[in-house]
Amino acid sequence: MTGIVLFAIALVCLFLGYSVAFTFAGVSLIVGTIVLGADLFAFMPYRIMSIMENTILMAVPMFIFMGIVLQKTGLAERLLESSAKLFGGISGGVAVSTIIVGALLAASTGVVGASVVAMGVISLPVMLKNNYHQPTAAGVICASGTLGQIIPPSIILIILGDVMGVPVGDLFRAAVIPGMMLVIFYIVYILILGKFKPELMPPLVVTESKRELLVQALKDIVPPLVLILAVLGSIFAGIATPTESAAIGAVGAVILSICYGSFSFSKMHEVSKETVKVTSMVFAVLIGATAFSMVFSYSGSEYLIEDFFMGLPGGKWTFIIFAMLAILILGFFIDFIEIAFLVVPILLPVAIALDINLVWFAILISMNLQTSFLTPPFGFSLFYLKGVAPKSMKTTTIYKGVIPFILMQIMVLLLVIFFPEHLIIS
Amino acid sequence: MDSVLKITGKIIDALGNFCSLLMVLMIMNVFYDVIMRYFFNDVSIGMQELEWHLFAAMFMFGIAYTMKEDAHVRVDVFYDTLSANKQAWVNIFGSLVFALPITLVIFYYSCDYTFDAYQMGEGSADPGGLPHRWLVRSVIPIASFFLVLAIIHVLLVQVKILSTPAHSETGAQ
Amino acid sequence: DDDKKYRWRLAETWGPNFPIFGDTTKNMAKMVKEMSNGRLTIRIDSSNKHKSALGIFDFVKSGQYQMGHSASYYWKGKDFNTMFFTTVPFGMIASEQHAWFYYGGGMELMKKVYDQYGILSYPGGNTGNQMGGWFKKEINSLEDLKGLKMRIPGFAGEVLAKLGAKPTNIPSGELYTALERNTIDALEWVGPSLDLRMGFHKIAPYYYTGWHEPGTELQFMINEKAYNTLPKDLQKILTVAMKAAAYDMYAQSMHVSGVNLATLKKDYPNVKMRSFPKSVMNALKKTNDELLAEFAAKDPMTAEILKSLNDYKKQIRAWTNLSDRAYLDNFDEK
Ligand code: NA
Ligand code: NA
């Protein structure tokens, strides 16, 4: 019961327009103190410390730094525009390039906050400058920034592996094809949309000859591409862990800016101040969310969820459909880690009893949880993009923009449900 | 009031600059550790732990700076339609009802938390790890202290907005 | 009065549904509830709820939780002497260590260390002998340890570091990738009972036998003040339930290790089981003893515990050699 009240109050207060992080934390303090007493908040230092010492999250500031360096030095703009022109000036070129860069970034990190914010910083200005339809631009960035959740390495797969007792390596392998399918769906969608509604994403004007274009592209695309390959390559070559690879990206971006003559100390100062702001914004949301989930779980709301899941009908297919729907709906409100820890342990014994392949089941859950980052009103990707977007971009614009991408994710989810043997290698 | 604003603003700006420094140091720290491990086969757990100490201090102190810069994300569906005065009221309400109480509560409990580690002389349990765990724990109360300062700063800014003659435009601050 | 109901909470280091370790706390809570006819109930909060796997000591000390389940050597950074109540490299195996705890003065020493924090500490279940870890390269000589990047936390890491190895911190979520990509050369986890779910056998060819955790004993903790509020009979029920659950964990660890080892051998015949060569073992032992002697020189309490451990081991090992070792050597169905 407390859980529902907590949601309702938080929801109303969020729409008031005060900062998301402090609204979460403040509402939690009020409800938590009334229901459980103020002493509950003696746990807050522990929870904050667990965020502080979570070294996997260190990738967040470093990728943001990389993104802001690429943006402030104009390298990102040149990368996206040149590659879009290379597509022959079709409409949606910048969006397609954004999706591809997002997928590459996803393959080097499992932290959604890092990718959404970096992509928002890198490619939103370019799309807006080229008169893109705002909702579409926002949708492309949120969706491609969230790919990090399913394309390995990914945090949710690591958590699910632990909770379900399935080797993480198996999950990583199984997630490759579904992740690539999402990328392909996004690209095809953009290309089709561009064909029929070119005014939503105007093509770049190509004045250069093919030859000039290639030379320009080589100059603009290759260096940032080398950067991205260095990040990925350092993981594959065992030089760095996925988290550490972000530092290679950050240092690499600075070296690139020196090579392109756009480096200056005052610019670096700007970049790091900007990085601090965006990073602190992301982590303040995480701290607010941990206060929220603390009150949620200590008030016993998890038993409510448990009762609900215990009441689900039996039979393999009804179970799967109900479980997926329930996770999707919960995902509108609760953070994915909470779902993984609260809901999955309840579903697991049922899934085992019904002889469901756990790797497949884990992939379904993780795709579903990926969607929860995008579903309004509580979608972390939405908050993060809002945090770095220009003030003129409204929350409702972002809400509107993600809808087609949520639908595509549901489509891919259905495909994986019905054709597991083709889509999952295990 | 203006002179108070000036002082709080200066302090928090200095904090922001300090965070930028921590940020750069952290990246260099991680990069250095990668290079040393891969090319020189040398690992220092102390240096590895320093990475997250810098990271933690950077974003925790940065929360105050971000508040002063008004860069914490909002759901602006209604907020944007409000006049500057009404927005100021939202911010006063939010500061006093949401931000200030939780920050004070965290400050209160994290002092005990820090003191406990100090009293036990807690350090890292890993070979070559960093001593004085209370130092990194003290980031929480210190960050809360600066956050209170930033909240006061923002409150004064709102009061100033309310006390200047009516605005006709929206979205100020 | 006899009808008063006590509702306690226990924080554990492990995540929800963590096998074996998590079963131990559930067993204990269930026994307490049944034996006390519902007068004492213990709710278990796993790490997903309190979010601080290594905050258990602080939680119990401050009374935020009445009870905790963890391992004493995790508190080495707070008080070095806590480390001896889990296991010691080249120390006693589980059966010997149980004898030490209950009859050889171990419990008394543990009480002495934990009394200053207002915590009561009890054995919390043994994993049995732990494996030396998963290695990408074979270890044939001391030379092979030089520069070996290994995820091995705590005191054992210090021993290896003295011999030129490079203990390395890797978050557990990135361990698999780090080992697969040779970012590190080796890592230690537990043994077959818990290693298989991590998948290391798919990427590391060598599985080495143990030296550093011959009998890892987990730990139940109780806040002393909370304990004193309980009536005598509930106190007794609680201590008996902890002891029974701890013993059950030892049996379960043995069982699951056996089952999983069979699976490993059948499904992954290419995994090679190895032991470190004698020269390496001797060097490790020598370094271990030197390091411990250094610490003993600094703190009389350390010296007292170490003397008790060593004296007791010497005595009991003679019997283990004459009984179990002789039996296994003489009559072993390999
Ligand atoms: Na990823
Ligand atoms: Na959502």
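Student: Where is A:Asn131 in chain A?
Tutor: A:Asn131 lies in the loop between helix 7 (112-129) and helix 8 (134-146) of chain A. Keep in mind that this is a predicted model.

Student: What is the phi of A:Asn131?
Tutor: Phi of A:Asn131 is near 60°, a positive value in a residue other than glycine. Most residues other than glycine have a negative phi.

Student: Is A:Asn131 buried or exposed?
Tutor: A:Asn131 is exposed, with a relative accessible area of 57%. The cut-off for exposed is over 50%, so a value of 57% counts.

Student: What about C:Asn182, what is its phi?
Tutor: Phi of C:Asn182 is near 65°, again a positive value in a residue other than glycine. C:Asn182 is in the loop between helix 7 (175-180) and strand 8 (186-187) of chain C. At 42% relative accessibility, C:Asn182 is partly exposed.

Student: Changing topic. How many residues make the contact between chain A and chain B?
Tutor: Chain A contributes 66 residues and chain B contributes 59 residues. Chain A and chain B bury about 5500 Å² between them, and 76% of that is on carbon and sulfur atoms.

Student: Which residues of chain A lose the most area to chain B?
Tutor: They are A:Tyr18, A:Phe22 and A:Met52, which together make up 14% of what the chain A side buries.

Student: How many salt bridges are there between chain A and chain B?
Tutor: The count is 5 salt bridges. In one salt bridge, the side chain of B:Asp76 meets that of A:Lys386, at 3.0 Å from N to O. There are also 13 residue pairs in polar contact between chain A and chain B, with both residues at pLDDT 80 or more.

Student: Which helices of chain A are on the side that touches chain B?
Tutor: Several helices each supply at least two residues to that side, among them helix 1 (2-16), helix 2 (20-36), helix 13 (265-298) and helix 20 (395-418) of chain A. Helix 13 of chain A gives the largest share, 13 residues.

Student: And how do the residues on that side of chain A divide?
Tutor: The side of chain A that touches chain B has 42 nonpolar, 16 polar and 8 charged residues.

Student: OK, now chain B and chain C. How many residues are in contact there?
Tutor: 18 residues of chain B are in contact with 18 residues of chain C. The two chains bury about 1600 Å² between them, with 49% of it on carbon and sulfur atoms. B:Asn41, B:Met120 and B:Pro127 supply 35% of the area that chain B buries against chain C, more than any other three residues.

Student: How many salt bridges between chain B and chain C?
Tutor: The count is 4 salt bridges. B:Asp116 forms a salt bridge with C:Lys61, where the closest N and O atoms are 2.7 Å apart. Helix 2 (45-68) and helix 3 (84-120) of chain B each supply at least two residues of the side that touches chain C. The residues on that side of chain B divide into 6 nonpolar, 5 polar and 7 charged.

Student: What about B:Arg137, is it buried or exposed?
Tutor: B:Arg137 is buried, at 6% relative accessibility. B:Arg137 sits in helix 4 (residues 133-137) of chain B, and its side chain reaches the backbone oxygen of B:Tyr113 at 3.0 Å.

Student: Which residues does B:Arg137 touch?
Tutor: Leaving out residues up to four places away in sequence, B:Arg137 touches residues including A:Met49, B:Glu122, C:Asp58 and C:Lys78.

Student: Last topic, strands. In what order do the 6 strands of the open sheet in chain C come?
Tutor: The order is 7-6-8-5-9-11, and the pairing is mixed. Strand 7 (166-167) and strand 11 (272-274) of chain C stand at the edges with a single partner strand each, so one side of each has no neighbour in the sheet.

Student: How do strand 9 and strand 11 of chain C run?
Tutor: Strand 9 (residues 206-208) and strand 11 of chain C run parallel, joined by 3 bridges. C:Tyr208 has C:Arg274 in strand 11 as its bridge partner.

Student: And which strand pairs with strand 4 of chain C over 6 bridges?
Tutor: Strand 10 (residues 217-223) of chain C does, in the antiparallel sense. C:Pro123 stands opposite C:Gln219 in strand 10 of chain C. In strand 4 (residues 119-126) of chain C, 8 of the 8 residues are buried, so that strand is largely enclosed by the rest of the structure.

Methods: Residues are numbered from 1 along each chain as its sequence is written. Chains are lettered from A and ligands numbered from 1 in the order in which they are written. This is a predicted model: local features need pLDDT of at least 70, side-chain atom pairs count only at pLDDT 80 or more; totals for chains, interfaces and linings use all residues. Side-chain values use heavy atoms; hydrogens and water are left out. Contact means heavy atoms within 4.5 Å. Buried area is the accessible area (1.4 Å probe) that two parts lose on being put together, summed over both. Helices (H or I, at least four residues) and strands (E, at least two) are DSSP runs, numbered from the N terminus. Ala, Val, Leu, Ile, Met, Phe, Trp, Tyr, Cys and Pro count as nonpolar, Asp, Glu, Lys and Arg as charged, and the others, Gly among them, as polar. Buried means under 20% relative accessible area, exposed over 50%, partly exposed in between (1.4 Å probe, protein chains only). Two strands pair if DSSP finds at least two bridges between them. A polar contact is a pair of N or O atoms within 3.5 Å; within protein, one must be able to donate a hydrogen and the other to accept it, and residues adjacent in sequence count only if both atoms are side-chain atoms.
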